[in-house]
Amino acid sequence: MQQKNSNDGQLRKNPQERVKAVKTRIKKQKIALLRSLKRVSMYLALQCAATIPQAGNSLLGTQASASGYNNREAFAAEVNAKAQVNEALQKRKEWLIKDKFFSKLVQYQNIVKSKSGMDKKNYIKQNFFDVVYPVGGIPKGSNYCVASVMRCLYDINKETGDLDGFMPNGNTVEGHSMVSCPKLKEYVKKNFPDCIIERPTKADKANLEDGDIILSRSSRNTSSGLHLTAVYNSREGVEISFNSEGIRPYKAENIETIIKLGKIIDTCLKERINQMDSRSALASLEAGVKNNDYQLTAMAVNKSVRGQNAQM
């Protein structure tokens with residue numbers, strides 16, 4: 001207080017100091033006023049911007065930011081749903097091959113092994129040829145390496161519908177591809193060109209997958225010179241064979257064509273769920289898939305079915 005009184009006294013004595021103090025006070029007031037105006041202008045600008053409709057948002061005002069948040073949430077949910085569908089698709093493909101397909105192959109092979117002579121020929125004709133290609137009139141004693149494997153796929157499709165897009169129509173001449181190595185090649189090449197490898201390289205043979213169908217050169221098959229088998233365990237190099245029943249190592253050097261069954265299943269499943277929303281697609285892919293252990297080795301499966309003469 002004493003200092004202020006002293007300053008006032010000096011200003012009264014010195015007019016120049018008094019003028020200078022007044023100018024300084026006016027300058028400070030202007031600066032404060034400009035700052036206030038700037039804050040008001042910014043506030044008004046933000047209010048105006050908030051009332052302008054934003055791209056992709058029909059709402060107004062402060063709803064724009066909320067919509068952006070919701071869009072991000074929806075996008076993240078969609079990405080997560082697609083990932084779940086892809087995972088379910090892969091699990092279903094594995095289930096179809098390792099559980100359904102392999103178990104059918106072993107089941108039919110053991111039935112055929114349990115029979116001999118005319119009983120065996122009758123069974124093969126009635127349960128393989130007459131089922132997959134009823135209009136074909138295939139005679140008893142014909143080679144059945146293709147018909148047996150296609151019967152397994154026929155059963156799987158009848159149960160699940162997953163292979164509707166692949167199975168040839170056995171009630172037409174198209175069904176010939178269900179009983180003939182060359183015709184099966186033609187059918188797959190025409191309808192699933194990305195799922196067949198002709199004249200495979202060493203790398204192709206090294207990258208065989210479980211469930212791959214392979215056509216190998218065979219001197220025993222005098223009709224086509226080819227023999228069809230299915231890769232039963234790619235890591236162990238094991239195939240499952242009909243017409244000469246057995247689960248044994250395959251000879252990579254004899255492989256003439258590879259049909260990628262897993263890729264065919266992928267194509268069929270994607271086509272089936274293509275028009276579904278993510279929730280429906282997920283439910284469709286998970287339906288029926290069991291959380292059981294897959295048959296990991298040929299020996300394990302052979303042991304589990306040894307001595308069983310199951311009838312269908």
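Tutor: Gladly! Let's begin with a word we will need: contact means heavy atoms within 4.5 Å. Keep in mind, too, that this is a predicted model.

Student: What does M150 touch?

Tutor: Leaving out residues up to four places away in sequence, M150 touches V132, F166, M167, P168, M178 and L184. M150 is also among the residues with the most contacts inside the largest nonpolar core, which has 61 residues. Helix α3, residues 63-113, gives the most to that core, with 13 residues. A second, separate core has six residues, including V231 and Y250.

Student: Why would nonpolar side chains be found together at all?

Tutor: In soluble globular proteins, nonpolar side chains tend to be buried together.

Student: Now the charged residues. Why is the pair K120 and E245 called a salt bridge?

Tutor: The cut-off is a side-chain nitrogen of Lys or Arg within 4 Å of a carboxyl oxygen of Asp or Glu. The closest N and O atoms of K120 and E245 are 3.6 Å apart, so the pair qualifies. K120 sits in helix α4 and E245 in the loop between β4 and β5, so the bridge ties together parts that are 125 residues apart in sequence.

Student: How do you know whether E245 is buried or exposed?

Tutor: Buried means under 20% relative accessible area. E245 has 19%, so E245 counts as buried.

Student: What makes K183 and E186 a salt bridge?

Tutor: Their N to O distance is 3.9 Å, and the limit is 4 Å, so this pair passes. Being three residues apart in helix α6, K183 and E186 are separated by about one helical turn. K183, at 34% relative accessibility, counts as partly exposed.

Student: And which residue does K260 form a salt bridge with?

Tutor: K260 pairs with D212, and their closest N and O atoms are 2.7 Å apart. K260 lies in the loop between β6 and α8, while D212 lies in the loop between α7 and β2, so this bridge ties together parts 48 residues apart in sequence. Both K260 and D212 are buried.

Student: Which residues do salt bridges with shared partners join into one network?

Tutor: K185, K189, E198 and E256 are joined that way. In total, the structure holds 18 salt bridges.

How values were computed. Residues are numbered from 1 along each chain as its sequence is written. This is a predicted model: local features need pLDDT of at least 70, side-chain atom pairs count only at pLDDT 80 or more; totals for chains, interfaces and linings use all residues. Side-chain values use heavy atoms; hydrogens and water are left out. A nonpolar core is a set of buried Ala, Val, Leu, Ile, Met, Phe, Trp, Tyr and Cys residues joined through side-chain atoms within 4.5 Å. Buried means under 20% relative accessible area, exposed over 50%, partly exposed in between (1.4 Å probe, protein chains only). Helices (H or I, at least four residues) and strands (E, at least two) are DSSP runs, numbered from the N terminus.
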